[in-house]
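Here's a structure to walk through together. Keep the 3D view open as you read.

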Amino acid sequence: MVRKTIGLRTRLYTMILPLVLVVVLLSGVLSVLASRAALTPVATRLMAYKAEQLRDYTLSEWETVESLELDDDEAIRLAAQESFRSYATSIIRSDTELIAVVDHTDRVVMQIGAAESIDAQSMDENREPPDYGELEVGWLSEKFLGRSRVGVVFSLEPFRWKVAVTEREEVFFSDAQEIVRTHIAISLAALLAVSLFVWLFLGFLIRPVERLTRTVLQITRTQDLSQRVAIEYADEVGLLGDAFNGMVESLQSNYAQLEQTMIAEQDARRLAIDREEETLLLLGRASEFRDQETGQHLARIGALSELMFRLLGKSEEEMLMIRRASALHDVGKIGISDSVLLKPGKLTDEEFDLMKRHTTIGFQLLDGSHSDYLQKGADIALTHHEKWNGRGYPAGLAGDEIPLEGRVVGIVDVFDALTSERPYKRAWSSDEARELIQRERDEHFDPNLVDVFCENFDQFRAIVEERETR
């Protein structure tokens with residue numbers, strides 16, 4: 001037995017945690033310092049503050065003009081505009097800031113700041129003013145004079161102006177970008193340090209685990225239970241290896257018994273499935289014996305239904321399900337009286353209503369079972385007389401409301417019944433039965449199933465004609 005000394009958890013904590021703490025604390029301190037250094041100047045250059053100051057100053061001046069009833073004096077208006085220019089110039093703090101003014105026609109009135117200052121009166125007639133496009137009131141982020149700028153646009157109604165207070169985008173966000181670069185540098189440094197440490201540490205830590213894994217995989221591939229794990233350290237991995245060796249010894253001694261148990265379980269499962277299938281056939285034959293038919297009818301219905309499912313591309317499991325469950329389609333006939341069930345002539349309306357009840361009786365007999373086959377048989381018993389046009393029974397379902405299994409059994413049951421001799425009718429030929437099914441396309445039967453049936457008719461005919469050779 002391996003005796004536990006220093007645990008793997010303790011070694012992991014003592015080697016990794018101090019480094020993680022140092023890296024996290026250092027990253028946090030440097031991030032705070034960088035953020036403080038960068039966010040303060042960014043906040044002081046916010047364009048919104050300057051825009052508010054410029055707007056409030058101009059409106060205050062204009063209110064004074066209006067109070068003196070001088071707002072219609074052109075000289076006073078020009079003086080107010082020059083006052084605006086003077087104040088705008090005074091609030092510019094860097095050579096990259098730009099205040100641009102356009103009138104209601106989006107014509108440039110003046111530029112103050114980064115570009116040469118111009119106005120509508122002094123502009124050379126042959127010189128095209130810069131095109132800012134249509135300025136929208138609010139936050140601005142677009143190109144001015146070939147450079148990306150950000151800022152605030154506001155309206156000055158007295159002059160019918162729109163004023164844009166802007167800064168070059170790369171200058172405005174320079175400090176924020178510096179924060180990003182600082183964070184990236186810190187993260188890369190921390191990642192490099194941790195990666196180097198983990199690489200060195202895992203080389204020491206992982207060797208026993210790799211040895212244990214190789215042994216386990218080798219035993220799995222070769223089934224050689226005589227192999228054992230070599231134990232290197234007296235830690236959790238060593239205890240795991242020791243426990244694994246003990247488990248392999250136990251498995252080696254009990255392997256034969258386990259194999260016998262598995263074989264017995266498989267035999268029992270196969271027997272249970274065979275008995276369930278036998279039960280399905282017996283239930284189906286119980287109704288067929290009362291209806292003067294043979295068990296071959298059930299076998300044909302199962303074979304025809306399975307063929308249809310195969311042609312529809314269903315799985316092997318689904319084909320097995322329909323083959324077995326379809327045998328129960330008429331199990332409800334057990335509950336129909338002989339006077340109706342065995343009557344050689346045509347049924348009266350009252351007798352036919354009684355005959356229709358075999359669908360619901362079959363459903364009630366089988367519904368609620370824990371067997372998938374019986375539950376599927378219940379659905380088939382209930383719906384195999386429904387019609388595509390909704391005129392079937394018992395529920396008058398139409399189209400895709402009818403389960404696929406009910407639609408499939410409905411068409412193959414009619415085909416087998418038409419080609420079988422009954423006390424009240426002769427056996428139709430296969431071609432006659434096919435013609436009737438074609439006529440009932442989109443009425444009694446699912447058109448897609450009719451198409452599949454007709455395209456592969458020879459395979460369906462071969463199944464029903466097998467009875468003639470028996």
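This is a predicted model: local features need pLDDT of at least 70, side-chain atom pairs count only at pLDDT 80 or more; totals for chains, interfaces and linings use all residues.

Two packed helices are described by the angle between their axes and the distance between the axes. Take α13, residues 430-439, and α14, residues 447-455: their axes come within 10 Å and cross at roughly 155°. Anything over 145 degrees counts as roughly antiparallel, and therefore that's the label for α13 and α14 relative to each other. As for handedness, the crossing of α13 and α14 is left-handed.

What do the two helices actually touch with? From α13 come R434, I437 and Q438, and they meet V450, F453 and C454 of α14. Sorted by class, that contact has four nonpolar residues, one polar and one charged.

Two of those residues turn up again in the largest nonpolar core, which has 28 residues: I437 and F453 are among those with the most contacts inside it, along with L304, M308, I411, F415 and F460. The top contributor is α12, which gives seven residues.

Setting aside its neighbours within four places in sequence, M308 is in contact with V408, I411, L449, V452, F453 and F460.

That isn't the whole story, though: there's a second, separate core of 22 residues, and V109, V152, L156 and F159 are included in it.

Note on methods: Residues are numbered from 1 along each chain as its sequence is written. Side-chain values use heavy atoms; hydrogens and water are left out. Axes are lines fitted to C-alpha atoms, for helices over the stretch in contact, and angles run from 0 to 180 degrees between N-to-C directions. Helices (H or I, at least four residues) and strands (E, at least two) are DSSP runs, numbered from the N terminus. Angles under 35 degrees count as roughly parallel, over 145 as roughly antiparallel, 65 to 115 as roughly perpendicular and the rest as oblique. A crossing is left-handed if the near helix is turned anticlockwise from the far one by less than a right angle, and right-handed if clockwise. Contact means heavy atoms within 4.5 Å. Ala, Val, Leu, Ile, Met, Phe, Trp, Tyr, Cys and Pro count as nonpolar, Asp, Glu, Lys and Arg as charged, and the others, Gly among them, as polar. A nonpolar core is a set of buried Ala, Val, Leu, Ile, Met, Phe, Trp, Tyr and Cys residues joined through side-chain atoms within 4.5 Å. Buried means under 20% relative accessible area, exposed over 50%, partly exposed in between (1.4 Å probe, protein chains only).
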